[in-house]
Amino acid sequence: MTASAPAFAYAGTELDALVEARNYYRMLVQRFAPHVGRRVIEVGAGIGTFAAALLEGTAVDELTLIEPADNNYPIL
């Protein structure tokens, strides 16, 4: 018998507010682009805002997103 982890729900509200922070995400991608490979894993992907900027601003071929919050996963 295996025990399952309790459900996790993200309680913050800033992810919805930061969706509009396009310049912020563009700056982050520009800063880290020289260190981004073709295959990327983003842990704690939230609702995918950074992932979208990463795909737009780099040459990523494969992007794996991990999000533990049950309420963020459907949006992601």
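Buried here means under 20% relative accessible area, exposed means over 50%, and partly exposed is anything in between, using a 1.4 Å probe on protein chains only. With 16% relative accessibility, Ile-47 counts as buried. We're looking at a predicted model, where local features need pLDDT of at least 70, side-chain atom pairs count only at pLDDT 80 or more, and totals for chains, interfaces and linings use all residues. Residues are numbered from 1 along each chain as its sequence is written, and side-chain values use heavy atoms, with hydrogens and water left out.

Ile-47 sits in the loop between strand 1 (39-43) and helix 3 (49-57); helices (H or I, at least four residues) and strands (E, at least two) are DSSP runs, numbered from the N terminus. Leaving aside residues up to four places away in sequence, Ile-47 touches Leu-15, Asp-16, Val-19, Asn-72, Ile-75 and Leu-76, where contact means heavy atoms within 4.5 Å.

## Thr-49 and helix 3

Move on to helix 3 and you find Thr-49, which is buried with a relative accessible area of 19%. Beyond residues up to four places away in sequence, Thr-49 touches Leu-18, Val-19 and Tyr-25.

## The largest pocket

On a 1 Å grid over the protein atoms alone, a pocket is an open set of points with protein on both sides within 12 Å along at least five of seven lines, and lining residues have an atom within 4 Å of a point. Grid points are joined across faces, edges and corners, and a volume is the space filled by probe spheres set on the points. The largest pocket holds about 260 Å³. Its lining includes Val-19, Tyr-25, Thr-49 and Ala-53, and the elements giving two or more residues to that lining are helix 2 and helix 3.

By class, the lining splits into 5 nonpolar, 3 polar and 3 charged residues. Ala, Val, Leu, Ile, Met, Phe, Trp, Tyr, Cys and Pro count as nonpolar, Asp, Glu, Lys and Arg as charged, and the others, Gly among them, as polar.

## The second largest pocket

The second largest pocket comes in at about 160 Å³. Of its 13 lining residues, the closest to the centre are Leu-15, Tyr-25, Glu-42, Thr-49 and Phe-50. Helix 1, helix 2 and helix 3 are the elements that each give two or more residues to this lining, with the largest share, 3 residues, coming from helix 2. Sorted by class, the lining has 8 nonpolar, 4 polar and 1 charged residues.

How values were computed
On a 1 Å grid over the protein atoms alone, a cavity is a set of points where a 1.4 Å probe fits but cannot get out, and a pocket is an open set with protein on both sides within 12 Å along at least five of seven lines; lining residues have an atom within 4 Å of a point.
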